[in-house]
Amino acid sequence: MFPDMVEEAPILPKKGRGAVRNESGRYEKFARIAVSDGWDRVSEDEFPDENRPRTEIRTDSSRSIVSHNDSPDIPFSSSINPYKGCEHGCIYCFARPTHAYLGLSPGLDFETKIFAKPDAAQLLDKTFRGRNYKPTVIAMGANTDPYQPAERSLRITRAVLEVLERFGHPVGIVTKSALVTRDIDILARLAKRRLVAVSLSVTTLDRDLARVMEPRASTPPRRLEAIRQLSEAGIPTGVMAAPMIPALNDTELEAILQAAAEAGATSAGYVLLRLPLEIKDLFADWLEAHRPDRAKHVLSLVRDTRGGALYTAEFGKRMRGDGPYAELIGQRFRAAVKRLGLNRDRWALDLSQFKVPPPQTGQLSLF
């Protein structure tokens, strides 16, 4: 093959997927870069088999289930992630770089090679029974979605909720999936004890944009309906307008908040687009594939909110950005929240109910 005959593979959308490429993770010794010698070219409206990557569910063998952090930017210090990777395929997902730790790509691998934790409930039960365990609100959905498609059959998240209920342990949930309504029975019981709060992430009301930006997440109308069902069941429910992407979905901010409030949401938050590590290139490729007419404009405005770079990790700014454009989004959010009566009452979850129950085996503890 002559060097001048080799060209970088064209950026083509992948059917039902967010990422359009699958370059190696940053820790790999060798980089995988797709190239074309001309023999594999197809018309723009054709999708060969490699453009329909299938999902693989693998087993994660972690020996612990609760993760801890000390970031001043997030309101929790403990979290549970029943899955590594996320089939929703949201192109902007800040969890994508974690797949590099597994020797996989933060691109297509992240949304097609999913690691499930079938022992999550048992591990959590063991953690809660530890002599030195001190309860704090646990977050679910802080990294990958606990209600992604695999949960429908694996039911790992539901098993975790059953453990949380049994121990009287508080939990906060964030999801993009209407599947959360399946567990209304448990969530309603937890809500009566002030042990749960749920937020639905609504990025856009535009179904066409949602289909290419977060291809396997629930549609925007289904998420709003989930807010309605959860609220009617007495479960404190909020909306996360996240991420807000300049010149792509940020004009919808007020409409998203209003639609969620009308559905029953009582709290709201937002996050400005974050593009750490590999996500910068993944997002740029996605723009070229799906929104080429505005790609340069979007990235230019992103830089305006990040001090001239595509991302800065500075605490206090990474969630909100800085500069005039970022501040304007913040002002709009605060004005809409005030107008809609959101965030008036903060739902304080109760840590005092945590109690270690007898083992389910029936055997008495020696201590």
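Is Asn343 buried or exposed? Asn343 is buried, with a relative accessible area of 18%. The cut-off explains the label: buried means under 20% relative accessible area, so Asn343 falls on the buried side. Keep in mind as you read that this is a predicted model.

Asn343 has another thing worth a look: its phi is near 60°, a positive value in a residue other than glycine. You'll find Asn343 in the segment after α11 (324-340). Leu277 also has a positive phi, near 50°, and Leu277 isn't glycine either. Look for Leu277 in the loop between β12 (267-272) and α9 (279-290). Leu277 counts as partly exposed, because its relative accessibility is 44%.

Now for a peptide bond: the one from Ala242 to Pro243 is cis, with omega near -5°. Pro243 belongs to strand β11, which covers residues 237-244.

**The sheet**

Let's move to the open sheet of seven strands. Its order is β4-β5-β8-β9-β10-β11-β12, and the pairing is mixed. At the edges sit β4 (66-68) and β12, each pairing on one side only. From one strand to the next, the twist averages 25°. Helix α7 (residues 220-232) packs on this sheet and touches β10 and β11. The direction of α7 makes about 160° with that of β10.

| Strand pair | Sense | Bridges |
|---|---|---|
| β5 (78-80) and β8 | parallel | three |
| β8 (138-140) and β9 | parallel | three |
| β9 and β10 (196-201) | parallel | five |

Ser79 stands opposite Ala139 in β8. Met140 is opposite Ile173 in β9, and Gly172 is opposite Ala197 in β10.

**A closer look at β9 and Thr175**

In a regular strand, side chains alternate between the two faces of the sheet. With that in mind, look at β9: Val171, Ile173 and Thr175 make up its covered face, while Gly172 and Val174 make up the uncovered one.

Where is Thr175? Thr175 is in strand β9, which spans residues 171-175. Thr175 is buried, with a relative accessible area of 1%. What does the side chain of Thr175 reach at 2.9 Å? That's the backbone nitrogen of Ser177. There's a polar contact between side chains too, joining Thr175 and Asp145 at 2.7 Å. Leaving aside residues up to four places away in sequence, Thr175 touches Asp145, Tyr147, Val180, Ser199, Leu200 and Ser201.

**A pair of helices**

Finally, take α9 and helix α10 (residues 295-304). They pack at an angle of about 150°, and their axes are 9 Å apart. Angles over 145 degrees count as roughly antiparallel, so that's the label for α9 and α10. Where they meet, α9 brings Phe283, Ala284, Leu287 and Glu288, and α10 brings Ala295, Val298 and Leu299. Which classes do these contact residues fall into? Six are nonpolar, none is polar and one is charged.

Technical notes: Residues numbered from 1 in each chain as written. Predicted model: local features only at pLDDT ≥ 70, side-chain atom pairs only at ≥ 80, totals over all residues. Heavy atoms only, no water. Helix = DSSP H or I, 4+ residues; strand = E, 2+ residues; numbered from the N terminus. Buried < 20%, exposed > 50% of the residue type's maximum accessible area, 1.4 Å probe, protein only. Polar contact = N/O pair within 3.5 Å; in protein donor to acceptor, adjacent residues only side chain to side chain. Contact = heavy atoms within 4.5 Å. Axes fitted to C-alpha atoms, helices over the stretch in contact; angles between N-to-C directions. Parallel < 35°, antiparallel > 145°, perpendicular 65-115°, else oblique. Nonpolar A, V, L, I, M, F, W, Y, C, P; charged D, E, K, R; others polar. Pairing = 2+ DSSP bridges.
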